[in-house]
Amino acid sequence: ADSRCASVEGTCAAYCPNVCMRSLTVAIPSSTPPDTKLHIEGTSSDGQSINPVTFMSYKKEPKDPTSLTAHRIMHVALPAGGSYTARFTEGYGQDTVWPRYASTSYEDTPNECGENFLSFDIEQPSVSCDELILNGNAGEGMPGGSIENWRHIAGGVQVVEGGADGSAYSLLSNNTQPGGKYYALAQYLDTRCMVEGYMYAF
């Protein structure tokens, strides 16, 4: 990304002598398509524009993609102290998308070789917040129902016949471990619809 870096021939790596690179983890839902890309541009701490760079998740598919703790992870390395803007796309498309949430955290020790980024802003396209829960009817109208978008803390998640108010299906998280206390169904909400100070009832 930095103009002081040189590409290593035959690889996707770069050699950056005398450049302090800070590492940032960007975690997004495991249900996000595997070809999701994160495009970043901006300026380094000295005000010089970086070469636009694109990151992808190279982590193998999670063993249990329905687990609440399963994420797709992108490892972002950029010059310390810079100001950056980012956006997500899917596949070969160029339209900006939002994966419902994006959690960021530094991987390296703070101030180990340089300061934190001055800013790291991810573009979030507008959205309608009329339906905060996705697939709230467990796939009503689909043969066998669907668990799409649902996660579990423990006990798994499955569709069973017979739902509330005469609907065809419901969701079940079945804890089979003796003495287990913490198990439940869960779903990641779109952070664009979350307003600080508001209370939500489902």
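Confidence is lowest in strand β2 (residues 14-15), with a mean of 80, and highest in strand β7 (residues 83-90), at 97. Strands (E, at least two residues) are DSSP runs, numbered from the N terminus. Where pLDDT is low, the predicted coordinates should not be read in detail. Local features require pLDDT of at least 70 and side-chain atom pairs count only at pLDDT 80 or more, whereas totals for chains, interfaces and linings use all residues. Residues are numbered from 1 along each chain as its sequence is written, and side-chain values use heavy atoms, with hydrogens and water left out.

An open sheet is formed by three strands in the order β6-β3-β8, with antiparallel pairing; two strands pair if DSSP finds at least two bridges between them. Strands β6 (71-79) and β8 (103-106) are at the edges and have a single partner strand each, so one side of each lacks a neighbour in the sheet. From one strand to the next, the twist averages 25 degrees (axes are lines fitted to C-alpha atoms, and angles run from 0 to 180 degrees between N-to-C directions). Strand β3 (residues 21-29) is joined to the antiparallel β8 by four bridges. Thr25 has Ser105 as its bridge partner in β8.

Asn135 is located in the loop between β9 (119-122) and β10 (151-152). The relative accessible area of Asn135 is 18%, so this residue is buried (under 20% relative accessible area, with a 1.4 Å probe and protein chains only). Apart from neighbours within four places in sequence, Asn135 contacts Ser146, Ile147, Glu148, Asn149 and Trp150, contact meaning heavy atoms within 4.5 Å.

Methods:
Buried < 20%, exposed > 50% of the residue type's maximum accessible area, 1.4 Å probe, protein only. pLDDT = per-residue confidence, 0-100.
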